[in-house]
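Student: Could you take me on a close look at one part of this predicted model? I'd like to follow a single residue and then see what surrounds it.

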Amino acid sequence: MSAIMGCFSRREPIMPEDMDPAGAYLTKYKWDRIHSWSDAHVFFSCHMQWVTPESVHEVLPLYDERRDITITADAIIDNRSELFDKLQIPLKERITISDSQLILEAYVKWGEDAPKHLLGDYVFMIWDSRKDQLFGARDESGRRSFYYIDDGVHFAFCSSMNPLFHMPYFNKELNEQWLAEFLAIRGMYESYDVHATAYRNVRQIPAAHWIKVGRQGVELRQYSNFEEIEPLYLKSDEEYEEAFRDVFDQAVRARVRTYKQVGTALSGGLDSGTVASFASPMLKLNGKELHAYSYVPVSGFEDWTSSRLIADETPYIQSTVNFVGNIRENYMNFAGKSPLTEVNDWLDIMETPYKFFENSFWIRGFYERAQEQGVGVMLTGAMGNFTISWGPALDYYAHLLRRGKLVHLAREVQQYSRLAEVPRGKLLPIIGRKAFPMLRRQRAAVGGTVEVPELIHPDFARRMEMHRQMKPYVVNKQTVYINALTARKENINNLAVANKNGAMATKLSMRYGLIERDPTNDPRVVRYCLSVPLEQYVQKGRDRALLRRSTVNYLPDNVRLNQTIRGVQPADWIYRIKPEWDIWVSELKRMTNDTSISDYLNIDQIHKGITKLDNPRLELAWDPEVRMLMHSLIVYRFLQQF
């Protein structure tokens, strides 16, 4: 795990001392080893944080004198055993060979096809002196960030953006197009231009892309995707379950490869529980415990959510801990922390505005505690809703209705009604709307939907031609129905989602010296889950059926078979801000009078939202106009640097 940096000059030689200010910026983080390499027109550096056993003795940048090639990398390779055989690595070298050496050998053997053979979380850059070019790549899921600037003379790259502005060639400028998209997009990602960043001259290499840089310019190409997956047809449910356990075991086993401790973010749900249930026995064999970090609401908070939601998942978490065993619990309520207290730190970490404010205090809090406990790997199940625990019952029933499978539908709805404790009379209208969404759209045309507030100023949206873009997730005034199949495809294949997730994981790892690793997002797991027939995911009234069946003897039944209660973690953010309520409102009002941002933000809409703060009710946590106020404040503080 590293922060990599480099520069290539197409004209005059690079003076290594010119790179010192950029490297000095990164020294605000703790590193185990810092090393650089230069050769006239090329400069590479690597700030290393050791995670895997092999990384302790790894030297980066690494110069291969015989082949006259040099590599710098931020990489953990997960298919080492497979690569040993493909690359014919001698047996005596397999224990100690570093991941970056494997990447270099893969490049020598396969050239620009090398990334197709690599599994893991990685970015790398190689200087091939004989070809007079740079070649680099970002992993298939985009788990490590990779930024670059090219002014025609100098090409520079880094794991982080701010060091690039400490090189003598580049200036920091706001990218208004990116900002417009960030303000207009409804989802959690930032921009539909997957190459763009918040800074006009900084680009990013998207997930599953390689880059080639020479004296004539830059070439980018996507080397892989999850679009065309061959369907998997097995003979029985049991075979699908066994195949899932096999591939998920591989994914988890690869991610606990560290000489440090292993942690996991643990809720009371299926995804994180499954990750813990696979990881804990593996660690026990090596004499380690699994450190679990769980969020609980702050003392004094009263759960205002519905009877089918639960803000404090402690009972379910404890059931998982007791059933799985070998887990050291950390229940954390983060007293005194709120989304408001975290804004400046997160802007410093992310280098851009962000949208995940509700969870911001406990995400960072988990990392702080894990760092104190010597954790090197933080496991998550963040992609699980779209991979291992996918299984949208009502969408499947809509599919049956459209196909006229009425007998099967009636049987499934009856079973689901009993297991989920929802009357059939409530289910059938929902299934009908999902089956025939045109009816829903017709009702929307006559005022049947709720308008979502727009944060972007209408004039700014017109100037940036946001309406003309006609992107499905941009400037959509009314809530739009998206079925589960579309949502799954969007989250797995949309590279903007990977950019956001990778940026957060990389920058948190630099700050806290531990790496987030998600086995539910392992490409092998993703491809397996996409290959499984829809019927495996919903059966006999069970949603998420494949995972529920596959985790018999892994998870307790009250967690594994729970279809009636769902955990909801950000329900207390309004309660947490209450002690600072007047400060928050005062800053929002001051913001509306600041002419420096009035061209960007929808001040009229912000004024409307502020009127709701006269009565700080807890249920405002889910009010879109109030949530918009936090987003506007985050953007406002970000823009103050320009």
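Tutor: Let's start with Ser-160, which sits in the loop between S9 and H4. With a relative accessibility of 4%, Ser-160 counts as buried. Leaving out residues up to four places away in sequence, Ser-160 touches Tyr-147, Glu-351 and Met-510. With Glu-351 there is also a polar contact, side chain to side chain, at 2.7 Å. Please keep in mind that this is a predicted model.

Tyr-147 leads us into the strands. Strand S8 covers residues 147-150 and strand S9 covers residues 154-158; they run antiparallel and are joined by 4 bridges. Across this pair, Tyr-147 stands opposite Cys-158 in S9.

Cys-158 is buried, with a relative accessible area of 0%. The closest cysteine sulfur belongs to Cys-46, and at 11 Å it is too far for a bond. Searching the whole structure turns up 0 disulfides. Another cysteine, Cys-529, is buried too, at a relative accessible area of 1%.

S8 and S9 belong to an open sheet of 6 strands, ordered S2-S3-S1-S9-S8-S10 with antiparallel pairing. Strands S2 (33-39) and S10 (203-204) stand at the edges with a single partner strand each, so one side of each has no neighbour in the sheet.

Cys-46 belongs to S3, and that strand is worth a look. In S3 (residues 42-48), 7 of the 7 residues are buried, so the strand is largely enclosed by the rest of the structure. Both faces are covered: one side carries Val-42, Phe-44, Cys-46 and Met-48, while the other carries Phe-43, Ser-45 and His-47. On one flank, S3 is joined by 7 bridges to strand S1 (residues 2-9), which runs antiparallel to it, and here Met-5 stands opposite Ser-45. S2 is likewise antiparallel to S3, with 7 bridges between them, and Asp-39 stands opposite Val-42. S2 and S3 form a hairpin with 2 residues between them, and Ala-40 in the turn has a positive phi of about 60 degrees.

At the start of H4, a side-chain oxygen of Asn-175 comes within 3.2 Å of the backbone nitrogen of Gln-177. The helix is mostly covered, with 7 of its 9 residues buried; these are Trp-178, Leu-179, Ala-180, Glu-181, Phe-182, Leu-183 and Ala-184.

Finally, a word on charged side chains elsewhere in the model. The salt bridge count comes to 48. One of them joins Asp-522 and Arg-255, at 2.8 Å from N to O. Asp-522 lies in the loop between strand S18 (515-517) and helix H18 (523-531), and Arg-255 in helix H5 (residues 237-255), so this pair ties together parts that are 267 residues apart in sequence. Asp-522 is buried at 2% relative accessible area, and Arg-255 is buried at 3%.

Key
Residues numbered from 1 in each chain as written. Predicted model: local features only at pLDDT ≥ 70, side-chain atom pairs only at ≥ 80, totals over all residues. Heavy atoms only, no water. Pairing = 2+ DSSP bridges. Buried < 20%, exposed > 50% of the residue type's maximum accessible area, 1.4 Å probe, protein only. Polar contact = N/O pair within 3.5 Å; in protein donor to acceptor, adjacent residues only side chain to side chain. Disulfide = S-S within 2.5 Å. Contact = heavy atoms within 4.5 Å. Salt bridge = Lys/Arg side-chain N within 4 Å of Asp/Glu carboxyl O.
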